[in-house]
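User: Could you walk me through this model, starting with the ligand and then moving on to the charged pairs?

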Amino acid sequence: MNSIATGDFPYIHGFSEDEQSRLMRQARMFESTLFSHIDYGAATRLLEVGCGVGAQTEILLRRFPELHVTGIDRSPAQLAAAERNLAAKVWCEARYALRQADAADLPFNDRSFDAAYLCWVLEHMPSPARVLSEVRRVLSPGAVIYVTEVLNSSFFLDPYSPNLLRYWMAFNDHQYDSGGDPFIGAKLGNLLLAGGYRDVQTEVKNVHLDNRQPGRRKQMIEFWQEVLLSAAEQLMASGKTDVATVDGMRDELQAVRNDPNAVFFFAFVQARATVY
Ligand SMILES: C[S@@+](CC[C@H](N)C(=O)[O-])C[C@H]1O[C@@H](n2cnc3c(N)ncnc32)[C@H](O)[C@@H]1O
């Protein structure tokens with residue numbers, strides 16, 4: 001199933017069931033790092049932009065029992081999965097609403113929410129500044145926003161894997177050409193300031209796995225392989241990579257998986273700001 005079959009818009013990872021299940025695992029794998037400093041203690045009406053399959057909606061509802069979360073996403077397939085995932089959690093009942101919408105044109109009145117959450121979404125959007133300005137419009141004074149985004153240039157694997165790095169650059173090129181920005185994490189401070197937010201703070205977070213956590217390292221390398229391969233068909237179809245590079249990358253990933261001294265490193269940026 002791809003974006004054409006589902007009637008969805010083009011999107012680098014696609015909307016297959018495998019991809020939807022990957023988003024659920026991804027949210028749990030990154031939860032402790034992502035949420036270590038997030039505090040929505042004073043909020044009750046949160047807008048989650050690009051809620052996907054509801055993986056992080058569930059975490060928000062679990063961690064902040066006073067919250068009602070309104071999740072928007074542009075994809076009907078993601079929203080249908082979010083509805084199924086959240087309906088299966090009885091304790092989420094009546095605490096969330098899901099709505100199809102474009103983040104650049106939100107169907108809400110000014111000052112409708114007192115908190116916002118965006119995670120791994122601005123990187124896919126052609127006008128992140130417009131999205132942040134729309135989000136600010138629907139937030140009330142005093143509201144807090146957390147935005148977490150990738151900085152794909154930070155990715156490193158040891159042993160050295162040249163096919164993988166070539167493929168990774170093709171992946172990033174493709175995301176750029178599709179209107180996204182795989183390096184947007186480093187720009188969050190500027191974007192939030194330009195969008196009229198105040199008290200802008202950023203924190204560089206990282207996942208650095210070596211012999212100190214072999215189990216988690218193994219899990220992360222396997223997960224990352226799925227992320228990489230989720231775009232392989234699109235990248236080959238657009239001529240940005242070829243079968244030899246993809247095969248070379250598979251071999252290198254296997255070597256990394258089997259190496260007793262493997263290292264995985266990836267950094268991303270989390271920003272926090274308020275609305276006056
Ligand atoms: C990588 S997923 C992240 C989902 C969720 N935040 C998570 O962490 O599990 C990105 C999501 O952004 C959505 N998206 C992309 N462009 C959008 C737009 N312009 N408006 C609303 N949602 C959008 C996609 O449909 C997808 O569900």
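User: How far is a nitrogen atom of the ligand from a polar backbone atom of arginine 74?

Analyst: That separation is 3.2 Å, where a polar contact is a pair of N or O atoms within 3.5 Å, and within protein one must be able to donate a hydrogen and the other to accept it, with residues adjacent in sequence counting only if both atoms are side-chain atoms. Please keep in mind that this is a predicted model, in which local features need pLDDT of at least 70, side-chain atom pairs count only at pLDDT 80 or more, and totals for chains, interfaces and linings use all residues. Residues are numbered from 1 along each chain as its sequence is written, and side-chain values use heavy atoms, with hydrogens and water left out.

User: And which atom of cysteine 119 lies 2.9 Å from a nitrogen atom of the ligand?

Analyst: A backbone N or O atom of cysteine 119 does, while a polar side-chain atom of glutamine 56 lies 2.9 Å from an oxygen atom of the ligand.

User: Switching topic, how many salt bridges does a search of the whole structure find?

Analyst: The search finds eleven, a salt bridge being a side-chain nitrogen of Lys or Arg within 4 Å of a carboxyl oxygen of Asp or Glu. One of them pairs lysine 187 with aspartate 181, whose closest N and O atoms are 2.7 Å apart.

User: Is aspartate 181 buried or exposed?

Analyst: Aspartate 181 counts as buried, at 10% relative accessibility, whereas lysine 187 is partly exposed at 33%; buried means under 20% relative accessible area, exposed over 50%, and partly exposed in between, with a 1.4 Å probe and protein chains only.
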